[in-house]
Amino acid sequence: MLTIENLHATVAEKPILRGLSLSLGAGEVHAIMGPNGAGKSTLGYTLGGRPGYEVTGGSVTFMGQDLLELEPHERAAAGLFLGFQYPVEIPGVSFVQFLRESLNAQRKSRGEEPLSGGEFLKLAREKAALLKMDMDMLKRPVNLGFSGGEKKRAEMVQMGILDPKLAILDETDSGLDIDALRIVGEGINAVMRRPDKAVLLITHYQRLLDYVKPDFVHVLAGGRIVRTGGPELALELEERGYEAVAA
Amino acid sequence: MSQALAFPTRGQEDFRYADLAALEPLWPVAQQRIVLAAGERGAEAVIHTGSEAVARDIVIELGAGASFALHLLNAGQGYGRFAVQVTLGEGAEFTLGAAQLAGSGQVLEVVTQVTHAGRDAVSRQVVRSVAGGKGTVNYLGKVRVEPGADGTDGEQSVRAMLLDRSATANNRPELEIYADDVKCAHGCAVGELDANALFYMAQRGLPPEEAKKLMLQAFVAQAFVGADQEEVLLEAALAALGKLV
């Protein structure tokens, strides 16, 4: 589904990714762990196409397309969802309006009919319930006045509504209490644990992986993958620390 | 501030940023007077989205306890100047909610003078301006509190959004206070659309123009909150934004 080969990327002319290679197949959950400054968030933003994240070498193929050729909104329409570590507040624009327009823009570019207001609300209600989020919260301006945990939950509701092929979730577990972590973990499984979907979890900690069991765990250090293993690698990292394991 | 018959020069504060070449054929501008007796209420919504240049000079006099709300969409394709002079009697209330949307080469401006002549009067001005290309948006607004007009509550909230580095906003909220017990607040900011928000919206699938429109719609809507014709104003603003973005 996603093949990254020898990816190099810079931020403000500073090299962050230095020859990262990674391959995700359909039906797989991968976790990327690594110390601060390893390039975890940069990987997410680079795949999402954030301005300022410049690819200086390598290639990324997503569902048979050259991902790097696409604009950010085209990447979304192609089925890529990026869960933000710090979801952005947008005053004056409600979640309902934002998500309906986003979804319909994606559908339009795929040649599908737009959802009507009623159809959209039904879908939104269903996905909000999955994440145990009050539907009234989706009538409020995007992320405005939401707690850290509510923002992360709202990210997962958005993922449910947009129904992507690949979700890259950047520290979705940060800022969550134990109950919220379980709800979010179950939400990820419900939406993304499908034979035709894949997940890339970017995280510091093992705890989210108790709920969303990864098939592969990668250690990112110095801008490249330095080790790959199964779920046991995450436990080893937790026990021995990045320095010992990544060395 | 009253527009004398002599054609203005750039040396006059209220015409400092005006498009004088476009103003000349419209000169002299006839005054429109709105007078409300004590306790009367009134409202007007002005939508200018046409292609011709326009200059309006509106004079509003509010008697004791009278209230008037003026909502304005200044989004035509030519020069657009709206000069508003208001005098408030005791306990009167005046609301101005104005949105301006200027494209390339255009000058749009709102010039106000609000005089609190009696005690306990309230004035609220909310101005939201957007300029793209080489467009210019101006707000020159003076709140004058006369001697004895204690208990005055005056507010100016002025914000401009520049879509391109070539666009210009001139915002000048001004206070002239001759009374002691007065509450006058003014906020003034010029900014650009939040790049983080634009990327966030793009990541969810919104093309850049749609994302910008959505954010600008929310920005402009702040000027029309509570207007009798809020829906009509918003709809006209949205149509004008479509041409700008």
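What percentage of the contacts in chain A with a separation of 6 or more do residues 24 or more positions apart account for? And after that, please take me to the sheet of chain A and the helices of that chain.

Tutor: Happy to! Keep in mind that this is a predicted model. The answer to your opening question is 71%: that is the part of the contacts in chain A with a separation of 6 or more that comes from residues 24 or more positions apart.

Let us get to know chain A as a whole. The chain holds 7 helices and 12 strands. Its radius of gyration is 18 Å, close to the 18 Å that the globule rule gives for 247 residues, so chain A is as compact as a globular protein of that length. Along the principal axes, the C-alpha trace of chain A spans about 55 × 40 × 35 Å. Of the 247 residues, 45% count as buried.

Now for the sheet you asked about. Chain A has an open sheet of 6 strands in the order 6-9-10-3-11-12, with mixed pairing. Strand 6 (80-83) and strand 12 (224-229) stand at its edges; each has a single partner strand, so one side of each is left without a neighbour in the sheet. On average, neighbouring strands of this sheet are turned by 20° against each other, direction ignored.

Within that order, look at strand 3 (residues 29-33) and strand 10 (residues 198-203) of chain A: they run parallel and are joined by 5 bridges. You can find Ile32(A) opposite Ile202(A) of strand 10. In a regular strand, side chains alternate between the two faces of the sheet.

Setting aside neighbours within four places in sequence, Val199(A) touches Val29(A), Ala167(A), Leu169(A), Ile188(A) and Met192(A). In soluble globular proteins, nonpolar side chains tend to be buried together.

Next come the helices. Helix 1 (residues 40-48) of chain A lies across strand 3, strand 6, strand 9 (166-170), strand 10 and strand 11 (216-221), and runs at about 145° to strand 9.

Helix 5 (148-162) of chain A has 15 residues and reaches 21 Å from its first C-alpha to its last, close to the 21 Å expected at 1.5 Å a residue. This helix is mostly covered, with 11 of its 15 residues buried. Among the buried ones are Lys152(A), Arg153(A), Met156(A), Val157(A), Ile161(A) and Leu162(A). Just after helix 5, Asp163(A) takes a positive phi of about 55°.

Helix 3 (residues 95-109) of chain A also has 15 residues; they should span 21 Å at 1.5 Å a residue, and the end C-alpha atoms are 21 Å apart, which agrees. Its buried residues include Phe95(A), Phe98(A), Leu99(A), Ser102(A), Leu103(A) and Gln106(A). An α-helix has 3.6 residues a turn, so residues three or four places apart point the same way. What covers the buried residues of helix 3 includes helix 2 (72-77), strand 7 (90-94), helix 4 (117-130), strand 8 (141-142) and helix 5 of chain A, together with helix 3 (208-221) of chain B. Just after helix 3 of chain A, Gly111(A) takes a positive phi of about 75°.

That mention of chain B brings us to where the chains meet. The contact takes 22 residues from chain A and 17 residues from chain B. On the side of chain B that touches chain A, helix 2 (195-203) and helix 3 of chain B are the elements that give two or more residues. The largest share of that side, 7 residues, comes from helix 2 of chain B.

Methods. Residues numbered from 1 in each chain as written. Chains lettered and ligands numbered in written order. Predicted model: local features only at pLDDT ≥ 70, side-chain atom pairs only at ≥ 80, totals over all residues. Helix = DSSP H or I, 4+ residues; strand = E, 2+ residues; numbered from the N terminus. Expected span 1.5 Å × (residues − 1). Buried ≥ 20, exposed ≤ 12 C-beta atoms within 10 Å, placed from the backbone. Contact = placed C-beta atoms within 7 Å. Pairing = 2+ DSSP bridges. Axes fitted to C-alpha atoms, helices over the stretch in contact; angles between N-to-C directions. Rg over C-alpha atoms; globule rule 2.2 N^0.38 Å.
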